[in-house]
Amino acid sequence: MGNFVDANTVTREENKDPVADLVVPGEVLPTSIHLLPILGRPFFPAQVMPVVLSSEQWLDTVKKIGETTHHLAGLCLLRTDDIDSASPSNFHDMGTVVRMYQPGIVDNKIQFIAEGQQRFRIVEWLSRKPPFMVRVEYPEAPPKEPTEELRAYALALINTIKELIPLNPLYSEELKAFLGRFSPNQPSLLADFAAGMTSARKEELQDVLETVPLLRRMEKVLVLIKKEVDVARLQAQIRAKVEERMTDQQRKFFLREQLKEIQKELGLAKDDRTADVERFQGRIAALHLTDEAARRITEEMQKLSILETGSPEYAVTRNYLDAMTSLPWGKYSRDVLDLERSRKILDRDHDGLEDVKDRIIEFLGVGVFKGEIAGSILLLVGPPGVGKTSIGRSIADALGRKFYRFSVGGMRDEAEIKGHRRTYIGAMPGKFVQAIKESGVANPVIMLDEVDKIGDSYHGDPASALLEVLDPEQNHDFLDHFLDVRFDLSKILFVCTANQLDTIPRPLLDRMEVIRLAGYITAEKLAIARHHLWPRQLQRAGVKAGQLKISDIALRRLIEGYAREAGVRGLEQQLNRIVRKTVIKFLAGTQAPIHVGVQELEEYLGQPLFRPEKLLGGVGVAMGLAWTAMGGATLPVEASEVHTKNRGFKLTGMLGEVMRESAEIAYSYVSSHLKAFHADTEFFDEAYVHLHVPEGATPKDGPSAGITMATALLSLARNQPIKRRLAMTGELTLTGQVLPVGGIREKIIAARRSKIMELILPEGNRRDFEELPDYLQEGFTIHYASHYKDVYSKIFV
């Protein structure tokens, strides 16, 4: 017994009858035994279970147990879960004496069979280090416990165990092992056996082990075994529901398969291949295919008929045929060519933009005269929030065409335009083919948003791929890589949008008809807010028009103080803030209606974001006009004499390369013509001049500030200020020529916003100003200059 063997070898006690070693009444158990720890749950006298311990720490203890004549040891539950740090303080005081059978070592683990004998209580620690040795006593139940109550509890335990066995077949094996060793008429062993069957917490089981009076122990065990029955019954219900669900799914699956077979026999159903072929043939019958497309579809249909439905090639062919037959070959919507109706739709959807509407009506008028609108590419250019996308939608409504919009901003892959080749996994057509498929007609209005922000990468150049799409001479036989069949895009009306023209490739820009949308003036913003933005915000918040009102004066103050940008997106956001805050007031109990006036604006929106612009004045200060992607802006230029020790010229204000060159040209021109302008001819020979453009954190570039810089330098040289409410724009050459610049409309709006009504413009921009609507020209005094001498004659008081 004391010799360890391999786990596959049986000790000399293998065939010994365990029952022969049971502790029978009167058998004397040792008062001193070796102690072994166990984790998880205590060991009960009625149990026979394998025990596994670490050989490194407990091998000596097991060997000493094997050297005894009785082969008995004590198993005690640890209070903690760390068996390696077992110490006398970690052991519970009550444990079970077990007899050890078949000890062996497997994978550095000691394994043996433990057969529970009797409870013990630790009286004294004889060895406080492994191998632990303790002196014990064996508590016995009181001899005079009520016999009838014990029999009743025993029957209750037996009946509960009977309830538990059908719910879990594993319990029946444990019961067979118990009945093979003991009799049901032994209530103490029955209680311990029932406790060992449960999955209760180790503290509850240890409490049962430490309860020596039999009646109290049986009460506790009965509670635990009842809980176990409830848990097992719940598990059985869950298992039954899962099995029922699975069985129902399997039944439906078999019924569906049987139904398919019956339908096939009766000729009422077809297999997947036949269903796919018939679906594609039904689509083809309603299309007007080109010869090339009909030939390619026929080839693919023949291929589909011989491929196995489970093969990858079948899926590729089916997807291709699905894409080909979903396109509207030869399907066109009828254009509504009615200029009066078109004008009403444009006026309904947009306030202001009269010149833009006139351009669109002219464009549509050519289509009315011709009888069709085809092969046209419009480019709407303007700052954010001026209504470029909504105008494209209005054009589609005016023509009665389907509208499809997608953004090409940031697009870097040529395949987004022309599709992927079918050799790639997950290949799909390009955006234009998808747009035609979604719209269901071959002549929709397709809007390409943010065309000035299209990208470029190693995947290809999408801008170059767009050349074929947007060229009326080429797009009648556009080739998508996925379809590999030419499709006619010439009937599509393309509407592109951009914030600026500089980043659009020149070959692409040449294919477009440019329509510029400048920013809105205050009167136009007021009309847009009253007719469109304010009703939309009320509708979104669920507020009725009579519950919340805002005055025109408040709207004007809101536009000038909080939303001065070129578009109306910021204005809409501020109106949304007002509506949200008033909704909170309604929820707090404020009675309707609420009136929003000038006094309430700061309560809802805080301090104004924009203050009235302070016009800079004095010697060396000139006011210019600039164009930005956000609209027009005033651009003051300051020139100052730093010292007279040496000649020099310094530039600041985050100026770009072109603007720095303009400043140098202005400096050179003014320096060489001081006598003609009645200034000190030696001023720049001794002066170190600093030229600064305020708002130094904002990058600035472009040639249009040339005459403004020259004027600031001339004012400094003459020591004479210029007119206070005069602004100018124009490019200056070394010979004094004033060249035309762009963005006149935006600059006019910026000047009106700053209440500067006297302007100097290049002669070359006379036509740009005269083409502006009358309401924009009203009140301005315009001086046109072809040479800087013309500017000089107007700048000084």
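Phe-403 sits opposite Val-445 of β10. Pairing here requires at least two bridges found by DSSP between two strands. Strands (E, at least two residues) and helices (H or I, at least four) are DSSP runs, numbered from the N terminus.

This is a predicted model, so some thresholds apply: local features need pLDDT of at least 70, side-chain atom pairs count only at pLDDT 80 or more, and totals for chains, interfaces and linings use all residues. Residues are numbered from 1 along each chain as its sequence is written, and side-chain values use heavy atoms, with hydrogens and water left out.

## The sheet around β9

β9 belongs to an open sheet of five strands with parallel pairing, in the order β9-β10-β13-β8-β14. From one strand to the next, the twist averages 20 degrees. Strands of a sheet pair through backbone hydrogen bonds, either parallel or antiparallel.

Helix α14 (residues 431–439) lies across β9, β10 and β13, at about 150 degrees to β9. Angles run from 0 to 180 degrees between N-to-C directions, with axes being lines fitted to C-alpha atoms, for helices over the stretch in contact; contact means heavy atoms within 4.5 Å. Helix α11 (residues 354–370) lies across β8 (376–381), β13 (493–498) and β14, and runs at about 155 degrees to β14.

The buried residues of α14 are Phe-432, Val-433, Ala-435, Ile-436 and Ser-439. Seen down the axis of α14, these buried residues fall within an arc of 160 degrees, so they line one face of the helix. The arc is that of the directions from the helix axis to the C-beta atoms. Buried means under 20% relative accessible area, exposed over 50%, and partly exposed in between (1.4 Å probe, protein chains only). After α14 comes Gly-440, with a positive phi near 80 degrees.

## Backbone angles to check

Two non-glycine residues with positive phi deserve a look. His-71 has a phi of about 55 degrees and lies in the loop between α1 (55–67) and β4 (72–77); His-71 is buried, at 10% relative accessible area. Gln-102 has a phi of about 50 degrees, is placed in strand β5 (residues 94–106), and is partly exposed at 38% relative accessibility.

There is also a cis peptide bond between Pro-130 and Pro-131, with omega of about -5 degrees. Pro-131 is in the loop between β6 (109–127) and β7 (132–137).

## Leu-157 and the cysteines

Leu-157 is part of helix α2 (residues 147–167) and is buried, with 0% relative accessibility. Not counting residues up to four places away in sequence, Leu-157 touches Leu-190, Ala-191, Ala-194, Met-218, Val-221, Leu-222 and Ile-225. Leu-157 and Glu-219 are 62 residues apart in sequence, and their C-alpha atoms are 9.5 Å apart in space.

How many disulfides does the structure hold? The number is zero, where a disulfide is a pair of cysteine sulfur atoms within 2.5 Å. Cys-76 is buried at 0% relative accessible area, and Cys-496 is buried at 0% relative accessibility.
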